[in-house]
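Q: Can we go through this model together? I have some quick questions about it.

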Amino acid sequence: MMLKLLAKPGLLRDLGPFLKPLGRYKLWLAAGFLLSLATLAGSVGLLALSGWFITATAIAGAAAGAALTFDFFSPGASIRGFAILRTAARYGERVVTHEATFRLLADLRLWLFSKAIPLAPARLGGFRAGDLLSRLTADIDALDGLYLRVLAPTGIFAVATLIGCLLMALVSPVIALVAFIGLIACGIVLPPLFAMAGRKPGERMTRTMASLRESAVEGVQGVAELAAYGAANRQRAELAAASDTLARQQQRMAHLTGLGAALTGLAGNLALWAALFIGAAAVSAGTLAPAMLALLAFGLMALFEAAAPMPLAFQMLGKMRSAARRLTALANLTPATSAPAKPLPLPAGNRLVFSGVSFTHTGAARPALDSIDLVLEPGQRLALIGPSGAGKSTLGDLALRFRDPDAGAVTLGGTDLRQLDPDAVLTRFAVVSQRTQLFAATLRENLALARPDASDDELWQALADAQLEEWVRALPQGLDTVLGEGESGLSGGQARRLAVARALLKNAPILILDEPTTGLDADTEARLSAALDRLMAGRSVLHITHQLARLETMDEIVVLKDGHIAERGCHAELMAAGGHYARLKAA
Amino acid sequence: MNNPQAATAAMTAAERRHARNWLKQTGKPAQGWSRLAILAGFTQGLLVIAQCWLIAHLLHAIAIDHAGLPALARPFALLLVIFAGRAVMAWGYEAAGMRAALTVKTSLRDRLYGHLQALGPGLATRRHSGALATALIEQVEALEGYFARYQPQAMLAGLIPLACLVAVFPVDWVAGSILLFCAPLVPLFMALVGMKAADASQDQFRVLARMGGYFLDRLQGLTTLRLFGRAEAELGTIREISDEFRRRTMAVLRLAFLSSAVLEFFASLSIALVAVYVGFSLLGTIQLNIGQPRMVLSAGLFVLLLAPEFYLPLRRLAAHYHDRAAALAAAQELSALLDIPAPALTGIAPLPAPQKISIEFSAVRVAYKGGRRPALEGLSFTVSPGETLALVGASGAGKSTALSLLMGFAEASSGTVTVNSVPLGELDIADLRRHTAWIGQRAHLFHGTIADNIRLGRPDADEAALRRAAADAHVLDFAADLPLGLDTPVGERGTGLSGGQIQRVALARAFLKNAPLLLMDEPTSGLDADSEALVLAAIRRLKAGRTVIIATHSPAVMAVCDRVLEIADGRAREAA
């Protein structure tokens with residue numbers, strides 16, 4: 001049944017990609033397998049030989065004189081040998097298999113990361129923030145048991161069952177058959193039955209968990225609303241109901257687990273009982289030596305150790321399948337943009353032209369951009385303004401070639417971006433946006449991202465230009481201050497000035513500013529603007545914003561509305577025209 | 001830190017003790033089920049002893065007494081009874097243990113949720129709301145293993161070996177002594193190995209936390225890495241960190257494996273010792289068990305069969321040790337949350353003359369525990385009925401705290417706040433809330449339709465009232481364009497509304513509730529000019545005839561207010 005299950009095309013399809021990398025660790029895994037087998041042999045040998053030894057000595061002791069001729073040295077030594085073998089082999093097996101598993105896990109992580117690189121940001125944006133990432137880490141960790149908890153125990157079980165029963169059959173074929181049936185019941189029949197029975201409540205548990213989380217998040221985030229609008233008790237009852245439902249399902253699972261443990265134990269015990277029963281008849285019929293019966297009975301008990309991990313193996317199999325499926329789904333996503341087979345060399349010029357560019361987001365009813373024509377000459381400053389959702393940020397994404405237009409073309413220095421390697425295109429751009437991604441690393445490392453070979457002097461110069469020098473000088477650890485995850489430890493204004501410093505270090509000819517001043521108070525904004533002025537000097541600038549302040553210095557202002565260009569011109573022209581811009585400015 | 005074990009490793013002894021005591025207290029309501037689980041587990045242990053005894057006697061009868069099957073009918077039948085009993089107990093152990101854990105989890109979750117509700121929105125801004133949800137879900141769930149498995153097993157690890165000794169000693173005291181003397185060596189050696197393991201694991205958990213964080217951090221920052229052309233270079237670093245993680249983990253695991261190898265070695269060794277001793281005794285070559293009759297086969301087999309059972313509960317306990325680590329880490333976080341003092345809210349006075357609301361703050365001081373300086377220090381101001389007051393000031397000046405006081409989410413440490421001349425402490429806060437509408441910086445939309453969200457305060461409001469509120473708050477302006485209109489689902493997974501649209505839905509809520517007191521916390525922050533204009537138009541209409549307090553940065557919002565009060569360093573500074 002296990003083999004049949006393994007042979008199912010679905011299972012192989014899901015887990016197949018994750019089995020292949022195992023091949024790299026063949027030797028490790030083979031060594032682990034042999035050690036594991038040795039452990040079991042030690043266990044069986046220890047108990048079986050002890051049982052035989054005691055019974056044989058009792059019989060010899062009872063027969064006068066026989067005791068003197070009984071060779072107790074070799075069995076005694078063997079018993080001690082088995083005891084040591086069992087301990088040593090188990091230790092070795094654990095070390096070897098875990099080592100192999102960690103190596104495998106590292107490979108998986110790298111594989112996943114390299115798959116994810118081209119997906120950012122266009123394809124990863126569709127996943128809910130945080131959810132995707134935490135699942136990716138959890139899913140990879142779930143797969144660490146594939147060999148350790150599924151493949152190895154299954155293999156050991158199969159080999160132990162075959163060898164054990166064959167050896168028993170040499171002494172008593174009937175008892176070997178009984179043991180075989182018991183082992184199959186414990187290891188192969190019952191576990192998948194219980195795994196299957198547990199699947200429905202398991203799925204329901206996942207769903208209940210999701211609605212419980214929903215209630216909890218809503219209750220935490222909406223606490224003021226709930227209190228102010230008299231809905232707090234309603235929400236609390238909802239949470240309690242979800243919590244109760246979860247508990248009921250967990251109880252049902254526990255009953256199943258309990259029943260599974262009970263029945264598996266019972267099957268093993270019944271096999272032992274049958275072996276004793278048949279053995280008793282055989283001994284009184286004189287076809288089986290009494291000491292051999294003890295050997296068989298004790299060996300059989302130890303052999304059932306091999307069946308013990310099987311229920312877990314089946315449980316894990318289901319979890320791993322879904323984990324594997326989620327990982328494969330991510331890895332199989334096609335990047336929004338990819339390098340052509342033969343990318344053209346990056347052109348020398350930096351003239352950025354949008355000609356007839358249209359773009360519709362997946363699932364959106366209206367295009368975000370509809371036949372847009374724009375030119376950003378080298379050194380020119382262009383502001384894109386318009387209400388949220390007018391398509392401003394999409395335009396930025398197209399320039400960075402995070403996405404490709406549905407119609408029209410974006411060209412850099414006269415070459416269509418689609419004929420270039422996306423990563424090469426990015427070398428021409430620096431971006432400062434309202435969210436600055438800082439890494440959990442030192443300040444120095446966060447800056448050096450932009451130019452790995454930057455000297456300390458260069459770093460300090462960039463910090464000075466970004467109005468951060470004073471702050472960093474005051475830090476006890478200076479450039480070696482470790483920043484927390486996200487933006488923790490830095491104010492929003494500081495984080496953005498750090499982004500400016502990075503952009504300065506990168507020294508790219510085209511600068512994209514995506515609402516860099518949103519949500520800052522006036523003082524902070526003034527400092528950031530001073531830093532931005534330094535940054536903009538001598539660069540082409542595409543400034544995306546919905547704030548109308550300080551646009552007077554822009555060479556051109558383009559007002560986007562519903563994916564169209566509503567009006568364009570410099571500040572004076574637009575004010576004179578008295579259109580949308582002038583109205584907003586007056587408001 | 002999202003790894004529970006990493007957190008435990010970082011705990012001090014005092015924190016661990018505190019967490020253990022807290023777990024003990026929290027487990028009280030489930031004590032009955034815990035005891036039942038222990039009883040089932042112990043009964044199963046006794047049945048195992050009986051089973052060993054029966055099997056030993058059966059083999060003795062077959063091998064020595066040459067008994068035929070008919071003579072053995074009774075022990076064979078008894079064995080079946082024991083098997084059945086063991087199966088029932090195995091099931092009962094699992095079910096009762098889980099029931100204990102479930103009892104603890106559900107009651108704790110409800111208690112924690114109630115506590116978070118009492119603490120109000122201030123907590124969610126100080127701690128990430130995701131972290132609070134994690135506390136309610138994952139950290140409460142993390143207690144399951146402790147109550148369902150670890151706690152009962154910890155008792156059984158003491159009881160069952162004792163029962164085995166009690167059974168073995170009368171049969172053969174030498175064999176019993178072998179077990180007894182090997183047993184204390186086990187914890188001793190395990191402790192020696194374990195102490196080193198604890199040191200190493202502190203180290204490893206730090207690397208683990210770092211690696212998990214690193215991977216997440218880099219995945220989150222992929223776009224930035226791509227922008228700087230550093231994404232490929234990160235692969236090398238990830239490989240290095242993974243390798244370091246593997247080396248450190250293996251160092252810990254080798255020690256952990258060593259400690260279980262020690263356990264196993266003693267288990268195997270005592271089986272071997274018992275077997276050899278029993279064998280010699282049966283042969284009659286030695287006679288050590290002075291005072292007891294010469295050993296027979298049944299006694300020898302019984303002792304041999306019991307030897308592994310003697311160690312089994314200890315081995316199982318070791319397997320559940322991570323449950324304990326996870327629970328201790330969760331306990332620390334959970335108890336810290338529950339220890340944050342919530343406002344007392346014991347007042348019972350109804351709000352007098354609720355249609356006209358006047359508010360007076362006099363010398364109000366609010367100090368949060370652990371806060372560097374008081375959030376408010378001697379704030380005094382009054383708002384007359386029908387007046388609209390703007391509270392302005394830098395972020396952190398105490399504007400939100402002033403609003404929290406009126407919502408009952410914070411308490412004044414000194415000074416008084418009165419509503420219609422009744423001090424807040426004497427007021428029934430539920431009655432005050434009935435007459436209050438509240439709009440936050442980024443209003444929360446619940447899962448459901450736009451209409452459901454507007455109806456939050458009045459689930460029974462009729463269609464006409466709903467549409468009127470939606471029209472007054474300019475919700476219909478955009479809802480009319482949606483295919484499902486007001487029945488459009490919103491919330492995290494529904495259609496996304498823009499910030500301005502969300503604020504307008506929140507205003508519609510307030511229109512529908514029609515409360516005489518209106519509190520708003522930065523209702524237009526982060527909105528573009530167009531959206532702000534629409535929200536302000538709605539606020540202008542909503543404030544008519546109500547007492548309104550708006551915390552804000554926006555000059556446009558201040559313009560619609562009757563009076564502006566600047567708060568600086570927790571004090572009022574009247575501006576205009």
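**Interface, folds and confidence**

A: To start with the contact between the chains in this predicted model: 113 residues of chain B and 112 residues of chain A take part in it.

Q: Which element gives the most to the side of chain B that touches chain A?
A: That is helix 10 of chain B, residues 231-283, with 27 residues.

Q: And how many nonpolar, polar and charged residues are on that side of chain B?
A: The side of chain B that touches chain A has 63 nonpolar residues, 30 polar ones and 20 charged ones.

Q: Switching to confidence. What is the mean pLDDT of chain A?
A: The mean for chain A is 86, and 93% of its residues reach 70 or more. Residues 1-6 of chain A have pLDDT below 50, and that stretch makes 8 contacts in the model beyond near neighbours in sequence. Where pLDDT is low, the predicted coordinates should not be read in detail.

Q: OK. What is the strand order in the open sheet of chain A?
A: The order is 2-1-4-5, with 4 strands and antiparallel pairing.

Q: Which strands stand at the edges?
A: Strand 2 (369-376) and strand 5 (415-416) of chain A. Each has a single partner strand, so one side of each is left without a neighbour in the sheet.

Q: How many bridges pair strand 4 of chain A with strand 5 of chain A?
A: The pairing of strand 4 (residues 407-412) with strand 5 in chain A is antiparallel and has 2 bridges. A:L412 has A:T415 in strand 5 of chain A as its bridge partner.

Q: Which helix packs on that sheet?
A: Helix 13 of chain A, residues 392-399. Helix 13 touches strand 1 (352-359), strand 2 and strand 4 of chain A, and its direction makes about 120° with that of strand 1 of chain A.

Q: Another pair: how do strand 9 and strand 10 of chain A run, parallel or antiparallel?
A: They run antiparallel, with 5 bridges joining strand 9 (residues 556-561) to strand 10 (residues 564-569) in chain A. One bridge partner is A:E567 in strand 10, for A:V559.

Q: What about the turn of that hairpin, which residue takes a positive phi?
A: A:D562, near 50°. The hairpin has 2 residues between the strands.

Q: Over to chain B. How many helices and strands are there?
A: Chain B has 20 helices and 12 strands. Of its 576 residues, 49% are buried. Among contacts in chain B between residues at least 6 apart in sequence, 82% join residues at least 24 apart.

Q: Which residues of helix 16 in chain B are buried?
A: B:L466, B:A469 and B:A470, in a helix that covers residues 463-472. Seen down the axis of helix 16 of chain B, the buried residues fall within an arc of 100°, so they line one face of the helix.

Q: What do they pack against?
A: Helix 15 (450-454), helix 17 (475-479) and helix 18 (499-513) of chain B. Helix 16 of chain B is followed by B:H474, which has a positive phi near 60°.

Q: Last one, A:C165. Why does it count as buried?
A: Because A:C165 has 21 C-beta neighbours inside 10 Å, and the cut-off is 20 or more. A:C165 lies in helix 7 of chain A, residues 145-171.

Q: What is A:C165 in contact with, leaving aside neighbours within four places in sequence?
A: A:A176, A:A179 and A:F180. As for A:D423, it is 258 residues from A:C165 along the chain, and their C-alpha atoms are separated by 61 Å.

How values were computed. Residues are numbered from 1 along each chain as its sequence is written. Chains are lettered from A and ligands numbered from 1 in the order in which they are written. This is a predicted model: local features need pLDDT of at least 70, side-chain atom pairs count only at pLDDT 80 or more; totals for chains, interfaces and linings use all residues. pLDDT is the predictor's confidence in each residue, from 0 to 100. Two residues are in contact if their C-beta atoms, placed from the backbone, lie within 7 Å. Two strands pair if DSSP finds at least two bridges between them. Axes are lines fitted to C-alpha atoms, for helices over the stretch in contact, and angles run from 0 to 180 degrees between N-to-C directions. A residue is buried if 20 or more other C-beta atoms lie within 10 Å of its own, exposed if 12 or fewer, and partly exposed in between; C-beta atoms are placed from the backbone. The arc is that of the directions from the helix axis to the C-beta atoms. Ala, Val, Leu, Ile, Met, Phe, Trp, Tyr, Cys and Pro count as nonpolar, Asp, Glu, Lys and Arg as charged, and the others, Gly among them, as polar.
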